[in-house]
Amino acid sequence: MPPFARRLDSDPFAALLAPPRNESQPERDLRIKLEKDAKKVSDKIDEQIRADKEAMKKRSQNEVKLLLLGQSESGKSTLLKQFQLLYSPKSLDLERASWRTVVYLNIIKSIRQILDVLDREREDQESRLKTALRSNSATSSDDDSPPIASSSKANISASGSSSSGVNTASHQRRHHHRPLLSPATTQELLTLRMRLLPLLSMEDPLADKLGSHGVGVKKDGSRHEVLVRRGWQLASRAVGLRKKMSRSGVGKDAMNLEGNGKQSADDRFGWEDQVSASTARLMEASRQDVKALWEHPTIRNLLKRRKLRLEDSSSFFLDDLDRIASLQYVPSDNDILRARVRTMGVSESVFDIQVGPMSVIHWRLFDVGGARGQRQTWVPFFEDANAIIFLAPISAFDQYLEEDARTNRVDDSLQLFTSICANPLLKSAHLVLFLNKVDVLQKKLAMGVKVRRYITSYGDRPNAVAPVTQYFRAHFGRVFYRCEEKEPRGRQLYAHLTSVVDTLATQTIISSVRTAIFQDHLRESALI
Ligand SMILES: Nc1nc2c(ncn2[C@@H]2O[C@H](COP(=O)(O)OP(=O)(O)OP(=O)(O)O)[C@@H](O)[C@H]2O)c(=O)[nH]1
Ligand SMILES: [Mg+2]
């Protein structure tokens, strides 16, 4: 058998592609032409594939994806605002009016929480009085009760050893028996409460206002809890401006305080809707009452005694009411950093960073909702992430999750960090850890809050900032190295002690983190 025939026998493709044995000349010419045309098409496809690959490589070289991860209230959105301040400060200017609504909401929520505590104290005091009349009960000390969560839930943590390696303490709420409210003080505080009702009544309309701009509003007990999605700041502003234009279009201004022919208050101060304008006026009118409540010695005592954890921003705004409760108020950068609104889902922001005379990197940041119910939305963003900043608020050693009042927040952070370190989709991501809210930690320790009461494994170490931060840093480090030992990926952990509301310090850290992440990225993309 000739070698050609053998080849045809053994190679089915050669047999298929071979010209017919008794092909005529015209058939041959046609076949060759068709083959040439087919090759041209095939070459074009190859060329397109090559071009696509090249473009993809170029795009991935010019794009760095960074995820901001961590539990709720860890500071992810605040860190994003710092990126915005650093790389796109003008964009924050456009959002200022929207942040004013959030500041108002934050203040009103704090007042409501304070008044809720007052109500509970009154009820407890009444029932204690009744009991005392019967049994002549004794008083008890103030300092050993655990805090009550800002959600007003009982705060009882799981005891014993947890999978994260820290041991958290178990607490039972104690009752206080010493009466705090005299009849005169009760009367005084009830009068204040009554005078504050109009301002309090703005909470739901304000929440609805934010909620109507493509964001979520969750009913939290009897109250609205606002959750925001990507772009809410500008959506809120655009809707407000449209309303304002349509108002002036029909020739009447619902908010015109000055009478005909004069500029309305919302025009002068940039209010874009009636709800914000009304709240601003109520805020100014109620300023002295809010201050009287917030600074009232009995209220101070009560908050301390009941260990009410107002959100970190609350005292910041309440301490500065003279500035904020004014018709001229426009939120400063610092106010925006402190304003608190929950993130829902994943929101993406892009910053273009010039890295050379001709070269720009598109830095894509993904800010996620950190509550347990939100965490499943993170996973689709893991696959092509270049880097992660994981935020762990180490000041939260004495706090429990809002979504699970038995889980200590530091414990939750450690568990979450464990799952991030071990996730195979993130195996080549550059890993940065922010041990955040060091300023709050400092204040708590200075107030005498003892770490070992909440983290029993802390033992007899000194209750000071350096040993406490060192202890938590070691725990997070151990989680990381344990993951690397199990499955070595050659990664490093870059850890920073941060307070992301501190602009100067945070921006310095962002710059050094950026250098490290971009260097890693350039090294990797050179290998593609
Ligand atoms: N004092 C202080 N406050 C902080 C710090 N970091 C964040 N905060 C405040 O903590 C609150 C919560 O911060 P966010 O950035 O909204 O938290 P988040 O991680 O985005 O929370 P979710 O969106 O619910 O996942 C805000 O009022 C911030 O101003 C910090 O380092 N120090
Ligand atoms: Mg957020």
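**Grounds for the labels**

Mentor: Keep in mind that this is a predicted model. Its chain has 19 helices and 11 strands, and 32% of the 528 residues count as buried.

Trainee: Why does Leu365 count as buried?
Mentor: The cut-off is 20 or more other C-beta atoms within 10 Å. Leu365 has 22 such neighbours, so Leu365 counts as buried.

Trainee: Where does Leu365 lie, and which residues is Leu365 in contact with beyond its neighbours within four places in sequence?
Mentor: Leu365 is part of strand β8, residues 359-368. With those neighbours left aside, its contacts are Leu66, Leu68, Leu80, Phe83 and Ser349.

Trainee: How far is Leu365 from Ala325, in sequence and in space?
Mentor: The two are 40 residues apart in sequence, and their C-alpha atoms are 34 Å apart. A contact needs C-beta atoms within 7 Å.

Trainee: What share of the contacts with a separation of 6 or more is between residues 24 or more positions apart?
Mentor: For the chain that share is 75%.

Trainee: How do you know that the length of helix α16 agrees with its number of residues?
Mentor: Helix α16 covers residues 409-422, which is 14 residues. The expected span is 1.5 Å times one less than the number of residues. That gives 20 Å for α16, and the end C-alpha atoms are 20 Å apart, so the two agree.

Trainee: What makes α16 mostly covered?
Mentor: Of its 14 residues, 10 are buried. Among them are Arg409, Asp411 and Asp412, along with Val410, Leu414 and Phe417. The cover over the buried residues of α16 includes strands β1 (63-69), β3 (167-168) and β9 (387-393), and also helix α18 (465-486).

Trainee: Turning to ligand 1, how many residues surround ligand 1, and which are the closest?
Mentor: There are 26, and the closest are Gly75, Ser77, Arg340, Thr343 and Gly370.

Trainee: How do you know that the shell draws on both domain 1 and domain 2?
Mentor: At least three shell residues come from each of domain 1 (65-90 + 344-527) and domain 2 (92-338). By element, α4 (76-87), α15 (333-338), β6 (342-343) and α17 (438-446) each supply at least two. Helix α4 gives the most, with 3 residues.

Trainee: How do the shell residues divide into nonpolar, polar and charged?
Mentor: The shell has 5 nonpolar, 12 polar and 9 charged residues. Gly is placed among the polar residues in that division.

Technical notes:
Residues are numbered from 1 along each chain as its sequence is written. Chains are lettered from A and ligands numbered from 1 in the order in which they are written. This is a predicted model: local features need pLDDT of at least 70, side-chain atom pairs count only at pLDDT 80 or more; totals for chains, interfaces and linings use all residues. A residue is buried if 20 or more other C-beta atoms lie within 10 Å of its own, exposed if 12 or fewer, and partly exposed in between; C-beta atoms are placed from the backbone. Two residues are in contact if their C-beta atoms, placed from the backbone, lie within 7 Å. A residue is near a molecule or strand if its C-beta atom, placed from the backbone, lies within 6 Å of it. Domain bounds come from an automatic or database domain assignment.
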